[in-house]
Protein chains: 2
Amino acid sequence: MATPNAAPSERTRVRRLPERATYDAEAIAAVVDAAPLAHIGFAHEGSVHVIPTAVWREGGHLYIHGAKASRLLKALVASECCVTLSLLDGLVMARSAFHHSMNYRSVVVYGRFETVDGTAAKFRSLQAFMEKLSPGRWNALRPVSDKELNATTVLRLSLAEASLKARSGGPKDDDEDMAWPVWAGVLPLSLQAGAPQTDPQSVVREAPSVPLRWG
Amino acid sequence: MATPNAAPSERTRVRRLPERATYDAEAIAAVVDAAPLAHIGFAHEGSVHVIPTAVWREGGHLYIHGAKASRLLKALVASECCVTLSLLDGLVMARSAFHHSMNYRSVVVYGRFETVDGTAAKFRSLQAFMEKLSPGRWNALRPVSDKELNATTVLRLSLAEASLKARSGGPKDDDEDMAWPVWAGVLPLSLQAGAPQTDPQSVVREAPSVPLRWG
């Protein structure tokens, strides 16, 4: 397991602004839990591809899922990849254009996905995914069928080879610019849920309280 | 220029759920304009890497910037890459776990970045970037210096080889599940700005009206 200050591998080591990096497993897990999407980069048929997909975590692994027929999922288990999860936390507005920045948390993971085999294991994993999307919803749904489980591929990737890079706080301007007459500060950003849009045919009309814990 | 229904290249063609795809330049440009971040995938030193970075658009090109010393920027002009921009628009809550989905807009671009050369060209590009972040702010800032321009690399990538994949609308359940007693609908999601956090030393205390036009 990585220690907070030592990268688990050379390719994981943050070289640009290393003071913004950590390799602490708990901090990395927290970002995976807070991110709805991951971007997966992999080489296939002579090109690099980057595909966004929903992501969740169980213990020391990051999980994704998709249709069994998916070309992406088949390519992923065949080679190493890089998975990046990014949360944009704010715009940092400085007195000079040069010192503008963004506040963010970004995890980069290297490794190879492995298939989660077995109906029971897939069932438990998909339940954990739903628990991230909407806690408690799984048991209220029409139960998942064996046919559906068989049509779904679940893959997992170890978080052992991962780094977290983050920036927070206000602008860092040059000393001689501090009195420049322009507003300086942070404009916080986060993913927010709007008013639920009930399906016209939903027999239950009252939406659950907004479950979103992300961002 | 791509037509809405024909992919500009084989690797750009969306194969999974192609009915969600378009290759229309205007629709692609709108997603680039709405996305604060891009994820850039490229191969370097034997691994694929995926790096998040701020992005803006001018005409038919997508732009990024960074420190002149950046290893990432040097690697990018040396090889082809894939740039993906994803906007998560909502959680689609169905009656069965299997039919849950996400509403999203996602652009995938293939190609090679080129350097924007010349102080004047870089100046204009960075001004366009600021205009995306905060319209009108550029002229209020301490003017950019030649030293700062020289320390900044600006790269651009043609949007000619790009695709857009999107999902919108409510859940699509199996006919026999329509009366299942669980709430079904869409939980819309968007990136929202919170209350501005004025820097303690900002001589201007009133934040500009929230400029965010993204998401």
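User: Which residues are linked with Arg15(A) in a network of salt bridges?

Analyst: Side chains of opposite charge can pair when their charged atoms come close. A salt bridge is counted where a side-chain nitrogen of Lys or Arg lies within 4 Å of a carboxyl oxygen of Asp or Glu. Here, Arg15(A) is linked in a network with Glu10(A), Arg13(A), Glu45(B) and Arg71(B). Please keep in mind that this is a predicted model, in which local features need pLDDT of at least 70, side-chain atom pairs count only at pLDDT 80 or more, and totals for chains, interfaces and linings use all residues. Residues are numbered from 1 along each chain as its sequence is written, chains are lettered from A and ligands numbered from 1 in the order in which they are written, and side-chain values use heavy atoms, with hydrogens and water left out.

User: How many salt bridges are there over all chains, and why does the pair of Arg15(A) and Glu45(B) join two chains?

Analyst: The count over all chains is 28 salt bridges. In the pair formed by Arg15(A) and Glu45(B), the closest N and O atoms are 3.9 Å apart. Arg15(A) belongs to the segment before strand S1 (21-22) of chain A, whereas Glu45(B) sits in the loop between strand S2 (37-44) and strand S3 (47-54) of chain B, so the pair joins two chains. Helices (H or I, at least four residues) and strands (E, at least two) are DSSP runs, numbered from the N terminus.

User: Are Arg15(A) and Glu45(B) buried or exposed?

Analyst: The terms rest on relative accessible area: buried is under 20%, exposed is over 50%, and partly exposed is in between (1.4 Å probe, protein chains only). Arg15(A) is partly exposed at 33%, while Glu45(B) is exposed at 60%.

User: What does Arg15(B) form a salt bridge with?

Analyst: Arg15(B) pairs with Glu10(B), with 3.6 Å between the closest N and O atoms. Arg15(B) has a relative accessible area of 34% and is partly exposed; Glu10(B), at 46%, is partly exposed.

User: Where do Arg105(B) and Asp89(B) lie in the chain?

Analyst: These side chains meet in a salt bridge with an N to O distance of 2.9 Å. Arg105(B) is in strand S7 (residues 101-111) of chain B and Asp89(B) is in strand S6 (residues 81-93) of chain B; they are 16 residues apart, and the pair links distant parts of the chain. Arg105(B) is partly exposed at 23%, and Asp89(B) is partly exposed at 21%.

User: What is the order of the strands in the open sheet of chain B?

Analyst: Strands of a sheet pair through backbone hydrogen bonds, either parallel or antiparallel. Two strands pair if DSSP finds at least two bridges between them. In chain B, the 4 strands follow the order S4-S5-S9-S8 with antiparallel pairing. Strand S4 (56-58) and strand S8 (114-115) of chain B each have a single partner strand, so one side of each is left without a neighbour in the sheet. S4(B) pairs with strand S5 (residues 61-67) of chain B over 3 bridges, and Glu58(B) stands opposite His61(B) in S5(B).

User: Which helix packs on the sheet of chain B?

Analyst: Contact means heavy atoms within 4.5 Å. Helix H3 (residues 119-133) of chain B packs on the sheet, touching S4, S5 and strand S9 (152-158) of chain B. The direction of this helix makes about 125° with that of S4(B); axes are lines fitted to C-alpha atoms, for helices over the stretch in contact, and angles run from 0 to 180 degrees between N-to-C directions.

User: What is the strand order of the open sheet in chain A?

Analyst: In chain A, 4 strands are arranged as S4-S5-S9-S8, with antiparallel pairing. The edge strands, S4 (56-58) and S8 (114-115) of chain A, each pair on one side only. Across the pairing of S4(A) with strand S5 (residues 61-67) of chain A, which has 3 bridges, the partner of Trp56(A) is Tyr63(A) in S5(A).

User: Why is Cys81(A) too far from Cys82(A) for a bond?

Analyst: A disulfide is a pair of cysteine sulfur atoms within 2.5 Å. The closest cysteine sulfur to that of Cys81(A) is in Cys82(A), 7.2 Å away, and is therefore too far for a bond. Cys81(B) is in no disulfide either, the nearest cysteine sulfur, that of Cys82(B), being 7.2 Å away. The count over all chains is 0 disulfides. Cys81(A) is buried at 2%, and Cys81(B) is buried at 2%.
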